[in-house]
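Below are some remarks for a colleague who has the sequence and the model at hand. They are set out as numbered points, moving from the chain as a whole to single residues.

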Amino acid sequence: MTYKTAGFLILIVVCFQSCDFRNSNNSYDYGTENDSARYYFLKGWEEILDNGRWTESEAAFRKAVEFDADWLLGKSMVGRITRDLSERQKLLSEIEASIDLVSPDERSLIEVNLLSMQAANNRGMGIPNTKESTQARMKLAEQNFGAFARKYPEDDYFKAEYIEFLHANYGAQTALDSMKSLASARQLKLGFYLSYSADLELELGHMDRAMAYALILNETLTDPSFLSPKMVQANIYISMDSLQKASDLIDQVVVADSNHIIALGMQSRLKEALENR
């Protein structure tokens, strides 16, 4: 056996061990029997929601589909995160053509992703999304992600999305109450739940609580390439009306990850706010 072959086998073993570890907390296979595909799928969620790294997230979702090219839920996540309109349109057509072949659970997740992809396609083509279509997407997400979160309570990230949609539909207090009710002690220590708790507390005017969550987040995500702590701190600065400090932090995020859609939007709004002062 050559050194190169041995190294490849070690990599496969490490990947499978990681896959088994992540899936030990989750009784659902997300529609794929391929452990490596599922590992990278969950890695994609971890990168975007916990660590705040959009470029790494996209790479992981694409890797998942490389391992299982027929996996519709995996394809739908690539469709959601890509900024390429033609690729998203192609993926939308492929998924719609085969969606009747998947399980009811997988379909419930894909249906929401399809609406998100269609909304993104409309924006890319300069077509306004109607208020009715946006409300329909928000309600379907609440319904489907909520049902999934309750059926599979150890799922970390569709539960996180459910909480985000509750926030959008009903406000910060409902989202915060639901998070405390639905999330396990393990989940509440993950990057998303810490950072989103901080943001929700800020929205409710609880600066001390938000700063406490931000401190725990900084202690949890110690890798300097993780961007969630910077995003939370920027939101704290905005709440303190320290817009220049917030702008400086957001500029750092955009330099580190040019695909960070939220940071790009914040950068534009902060620049405009500073210019109008």
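1. Burial and surface. In this predicted model, buried residues make up 46% of the 277 residues in the chain. The accessible surface comes to about 14,000 Å² for the chain, and carbon and sulfur atoms hold 55% of that area.

2. Fold content and overall dimensions. The chain has 14 helices and zero strands, so that reading along the sequence gives the pattern α-α-α-α-α-α-α-α-α-α-α-α-α-α. The radius of gyration of the chain is 19 Å, close to the 19 Å that the globule rule gives for 277 residues, so the chain is as compact as a globular protein of that length. The C-alpha trace spans about 60 × 50 × 35 Å along its principal axes. Among the contacts in the chain with a separation of 6 or more, 59% are accounted for by residues 24 or more positions apart.

3. The largest pocket. The volume of the largest pocket is about 1,400 Å³. It is lined by 37 residues, of which Ile48, Trp54, Arg80, Glu164 and Ile262 are the closest to its centre. Helix H6 (residues 104-124) provides the largest share of this lining, with six residues. By residue class, the lining of the largest pocket divides into 20 nonpolar, nine polar and eight charged residues.

4. Ser57. This residue has its place in helix H3 (residues 54-67). Ser57 counts as buried because its relative accessibility is 0%, which is under the 20% cut-off. Leaving aside residues up to four places away in sequence, Ser57 touches Gly44, Glu47, Ile48 and Ile81; of these, Ile48 is also one of the residues closest to the centre of the largest pocket.

5. The loop between H1 and H2. The relative accessible area of Tyr30 is 1%, so Tyr30 is buried by the criterion of under 20%. Thr32 also has its place in the loop between H1 and H2, and at 1% relative accessibility Thr32 counts as buried. Apart from residues up to four places away in sequence, Thr32 touches Ala37, Arg38, Asp68 and Trp71. The C-alpha atoms of Thr32 and Ala119, which are 87 residues apart along the chain, are separated by 26 Å.

6. Asp241. A positive phi of about 65 degrees is also found at Asp241, which is not a glycine. Asp241 is in the loop between helix H12 (228-239) and helix H13 (243-256). Is Asp241 buried or partly exposed? Its relative accessibility is 48%, and Asp241 therefore counts as partly exposed, since this value falls between the 20% and 50% cut-offs.

7. Glu96. This residue is found in helix H5 (residues 85-98). With a relative accessible area of 47%, Glu96 is partly exposed, because this class covers values between 20% and 50%. Glu96 and Ala141 are 45 residues apart along the chain, and their C-alpha atoms are separated by 18 Å.

Note on methods:
Residues numbered from 1 in each chain as written. Predicted model: local features only at pLDDT ≥ 70, side-chain atom pairs only at ≥ 80, totals over all residues. Heavy atoms only, no water. 1 Å grid on protein atoms, 1.4 Å probe; cavity = no way out; pocket = protein on both sides within 12 Å on 5 of 7 lines; lining within 4 Å. Points joined across faces, edges and corners; volume = space filled by probe spheres on them. Helix = DSSP H or I, 4+ residues; strand = E, 2+ residues; numbered from the N terminus. Nonpolar A, V, L, I, M, F, W, Y, C, P; charged D, E, K, R; others polar. Rg over C-alpha atoms; globule rule 2.2 N^0.38 Å. Buried < 20%, exposed > 50% of the residue type's maximum accessible area, 1.4 Å probe, protein only. Contact = heavy atoms within 4.5 Å. Areas by Shrake-Rupley, 256 points an atom, 1.4 Å probe, with all protein chains shown as cover.
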